[in-house]
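Please look over the model below with this note beside you.

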Amino acid sequence: MIDAKTLTRNWNYPTSVRFGPGRIAELPAVCRELGIKRPLLVTDPGLRKLPMIESALASLRKGGLGDAVFSDIRANPVGRNVDDGVAFYKAGKCDGIIAFGGGSALDVGKTIALMAGQTRPLWDFEDRDDWYTRVNVAGMARTIAVPTTAGTGSEVGRASVILDEVTHIKKIIFHPKMLPTVVISDPELTIGLPSRITAATGMDALAHCLEAYCAPGFHPLADGIALEGMRLVRNWLPVAVKDGKNIAARAHMLAAASMGATAFQKGLGAIHSLSHPVGAIYNSHHGETNGVVMPYVLVFNRPAIEERLTRLARYLGLANPGFQAVLDWVLALRKEIGIPDTLADRRRCGRCSSRPSAAICPDGPVETTPTLAIWIGMRFSAVSSGP
Ligand SMILES: [Zn+2]
């Protein structure tokens, strides 16, 4: 049994992270340290009803910091959610953001902070060329991030993913200073996550580590972080799914999620290039979609990643280390935690709102070409138990 105290640390990489069970109690003190007097807490409508948000608001009230809260956001947040949040922020004369929740709330919170003092529209800050230089940095609000899922890692990321409702394309909004100033990583906040969401978000953390590790380019820092992140996922994700109250499993998964997002500064790949358009069209869960496409993308990329995956297999301690060992592990993990084999098997399938061809777009560091999408699509329909 791991002592909770050994899971408590302050890290200063990649930003100031206060990690450990119960550390949400430090929220009012962190606001004061950053000089925030009237924070806007941004969360999602589901979390808004939970005691953890009420208790955070109560602690802010007690600390004389008000209790402004904005929760009108969608699971796959859209541009309008950000615009509404900015209007709310300005009307409440707020001076800082507490982004509190899963990926959607964190992304919207970070983007409201970005947009608080800008005159240009949101889409002018899409992650293209040097568009981030258009940002008036002095107009950005400070952000405290409080993750409540262990997957997205958005709490340590410099970007957000927002859906453009007009084009049905998920766009990445980027600025280096979107990295939250302080992160409160309290694994107790993830205790109540249902097993299905634990599994899906955990697969997102794995996808970030795996894609960063496989991305081409010289970046030994990212590679090292990604390798250890995958080891944590291997050891702890099945435990967190089966026993949600296991604080050691929750803590290690929360760390793995932050490690994935730290590592993917190096790059992502076809898993995300596919899951973003699929999520944009079907409103599917991002992490679950990543888990569905993961083995297919590994097989597609095999010639380019064989040697790297052999090293990964050795690090993970898999028998007969090689590409096949990693693929077998991913397939077994998916099965163990209940990730479906195909998109058609997904339990929650939204209504198709646009033609799929309209969403195949170069929205990640690795371009998703129609050829790859068709190749993967054929296997979705042809394979029922993995490639
Ligand atoms: Zn992701």
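1. Start with two terms. Two strands pair if DSSP finds at least two bridges between them. Helices (H or I, at least four residues) and strands (E, at least two) are DSSP runs, numbered from the N terminus. In β5, the residue bridged to V42 is A99. The model is predicted: local features need pLDDT of at least 70, side-chain atom pairs count only at pLDDT 80 or more, and totals for chains, interfaces and linings use all residues. Residues are numbered from 1 along each chain as its sequence is written.

2. Now the overall make-up. The chain has 12 helices and 9 strands. Of its 387 residues, 50% count as buried. A residue is buried if 20 or more other C-beta atoms lie within 10 Å of its own, exposed if 12 or fewer, and partly exposed in between; C-beta atoms are placed from the backbone.

3. β5 pairs with strand β3 (residues 39-42) in the parallel sense, over 4 bridges. β5 also pairs with strand β6 (residues 143-147), again parallel, over 5 bridges. In that pairing, I97 has T143 of β6 as its bridge partner. From β5 the chain crosses through helix α5 (residues 103-115) to β6, and this β-α-β crossover is right-handed. Right-handed means that, with the strands pointing away from the viewer, the path from the first strand over the helix to the second runs clockwise.

4. Look at β6 next. How many of the residues of β6 are buried? The count is 5 of 5, so β6 is largely enclosed by the rest of the structure. T143, A145 and P147 point one way, while I144 and V146 point the other way, and all are buried. In a regular strand the side chains alternate between the two faces of the sheet. P147 of β6 stands opposite G101. β6 is also joined to strand β9 (residues 182-185) by 2 bridges, and the two run parallel. There A145 stands opposite V183.

5. The core deserves a close look. The largest nonpolar core has 113 residues, and V42, I112, C209 and M253 touch the most other members. Its largest share, 12 residues, comes from α6. Domain 1 (4-189) and domain 2 (193-379) both give residues to this core, so it lies between them. The domain bounds come from an automatic or database domain assignment. A nonpolar core here is a set of buried Ala, Val, Leu, Ile, Met, Phe, Trp, Tyr and Cys residues joined through C-beta atoms within 7 Å.

6. Helix α6 passes a length check. Its 20 residues (195-214) should span 28 Å at 1.5 Å a residue, and its end C-alpha atoms are 28 Å apart, which agrees. The expected span is 1.5 Å times one less than the number of residues. Of those 20 residues, 18 are buried.

7. Last, contacts. Two residues are in contact if their C-beta atoms, placed from the backbone, lie within 7 Å. T111 lies in helix α5. Is T111 buried or exposed? T111 is buried, with 30 other C-beta atoms within 10 Å. Leaving aside its neighbours within four places in sequence, T111 is in contact with V82, S160, I162 and I173. The C-alpha atoms of T111 and G85 are separated by 9.2 Å, and these residues are 26 apart along the chain.
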